[in-house]
Amino acid sequence: MTFLGTSAAVPTKARALPAIAVRREGEVILMDCGEGVQRGAVEESIGLGGPMTILITHLHGDHVAGMLGLLQTMSLSQRRRPLRIVGPRRLLKWLEVTSDLLHMGLTFPVEFVEAKPGVVLRTPGFRVKAARASHSIEAFSYVLEEKGRPGVFYPDRAKSLGVPEGRLWSSLQRGRGVTVGGRRVEPSQVTGPPRPGRKIGYSGDTRPSPGLTRFFARCDLLVFDSTFGAKDGVKALDRKHSTSVEAAELAKKAAVRKLALTHFSARYTSTAGLVREARRVFQNTVAARDGLCLSVDYPSA
Ligand SMILES: [Zn+2]
């Protein structure tokens, strides 16, 4: 996961507007498109021609205005592959009107999917789910659920069942049974239980809520709205954002593995105080910054 922009509402010298790229085996999932997102993509060497899905949380300019420039850049570089875009229904209208007015002449088809609570689509690597966030306008949070992996393969068990190393082993590792000397060997005889894939959550702009706590349960990495510090809790409440402590409390309740704070108000030149406050509640917390790249490990169990 690479953070291309970590500011709230207005950009600062160090922080661009919200955009996060998740990369997995050549696939890119871009979450929100703050202005300048395509420059961030160039800086972080995120290819714009491959399989890509864009998830938009809500229709505030700072989360969506960068999409026009991004689509323009993709067209200028002759993208051909369809681009999937998920977001609130009115996003499609905005895209249609602006791309027409600006004579964008897209070189690729856009497949629009309206965001609704539940599974919104499947990509090559993930099942994408949406839930309602709690913001000043209609807003969504997303989780990316990676497909599960087959269990650990035990070579000794395969050998003792007379399965020779090579092609038959790879079949069993991929979950397919094999026949050796007229006898059937099933994957369950030579592998451990199936292992879950990774789960990544992104809140977008929101207040914490019990619904989101359930939605983000046991995320391996959760990225959460952390616009304010604890002393500005009233502002967070008024503007329908969260403080870093509220993000940490939700992370703790949801039993996530790691929390990344983002979407910082321009009033904080340093995010150190926000992280310190959050860590008192949930230790495994980091502050995102533009260009930060976090790798998400598989759970060890
Ligand atoms: Zn915002």
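This is a short chat about a predicted model of one protein.

Q: What does the secondary structure of the protein come to?
A: The predicted model has eleven helices and 15 strands. Its C-alpha trace spans about 70 × 50 × 30 Å along the principal axes.

Q: Which domains is it divided into?
A: Domain 1 takes in 2-149 + 195-287, and domain 2 is 155-190. The centres of the two domains, taken over C-alpha atoms, are 43 Å apart.

Q: What share of the residues is buried?
A: Of the 301 residues in the protein, 41% are buried. As for contacts with a separation of 6 or more, 65% of them are between residues 24 or more positions apart.

Q: OK, sheets. What is the strand order in the open sheet of seven?
A: The order is S7-S8-S9-S12-S13-S14-S15, with mixed pairing.

Q: Why is one side of S7 and of S15 left without a neighbour there?
A: Strand S7 (118-122) and strand S15 (285-287) are at the edges and have a single partner strand each, so one side of each has no neighbour in the sheet.

Q: And how many degrees are neighbouring strands turned against each other?
A: On average 20°, with direction ignored.

Q: How many bridges join S9 to S12?
A: Four, between residues 140-146 of S9 and residues 199-202 of S12, and the two strands run antiparallel. One of the residues involved is Glu145, whose bridge partner in S12 is Lys199.

Q: Which strands does H11 touch on that sheet?
A: Helix H11 (residues 272-279) packs on the sheet by touching strand S14 (259-262) and S15. The direction of H11 makes about 170° with that of S15.

Q: Moving on to H10. At what angle do H10 and H11 pack?
A: About 35°, with the axes 8 Å apart; H10 covers residues 244-253. The crossing of H10 past H11 is right-handed.

Q: Which residues make the contact?
A: From H10 they are Ser244, Val245, Ala247 and Ala248, and from H11 they are Leu274, Val275, Glu277 and Ala278. By type, six of the contact residues are nonpolar, one is polar and one is charged.

Q: How many of the residues of H10 are buried?
A: Seven of ten, which leaves H10 mostly covered. The buried residues are Ser244, Val245, Glu246, Ala247, Ala248, Leu250 and Ala251.

Q: What do those buried residues pack against?
A: Helix H8 (210-215), strand S13 (221-225), helix H9 (233-238), S14, H11 and S15.

Q: Is Glu25 buried or exposed, and why?
A: Glu25 counts as exposed because it has 7 C-beta neighbours inside 10 Å, and the cut-off for exposed is 12 or fewer.

Q: And Asp32, what is its phi?
A: Asp32 has a positive phi near 70°, again in a residue other than glycine. Asp32 lies in the loop between S3 and helix H1 (37-43).

Q: Buried or exposed, and why?
A: Asp32 counts as buried because it has 29 C-beta neighbours inside 10 Å, where 20 or more are needed.

Key:
Residues numbered from 1 in each chain as written. Predicted model: local features only at pLDDT ≥ 70, side-chain atom pairs only at ≥ 80, totals over all residues. Domains from an automatic or database assignment. Pairing = 2+ DSSP bridges. Axes fitted to C-alpha atoms, helices over the stretch in contact; angles between N-to-C directions. Contact = placed C-beta atoms within 7 Å. Left-handed = near helix turned anticlockwise from the far one by under 90°. Nonpolar A, V, L, I, M, F, W, Y, C, P; charged D, E, K, R; others polar.
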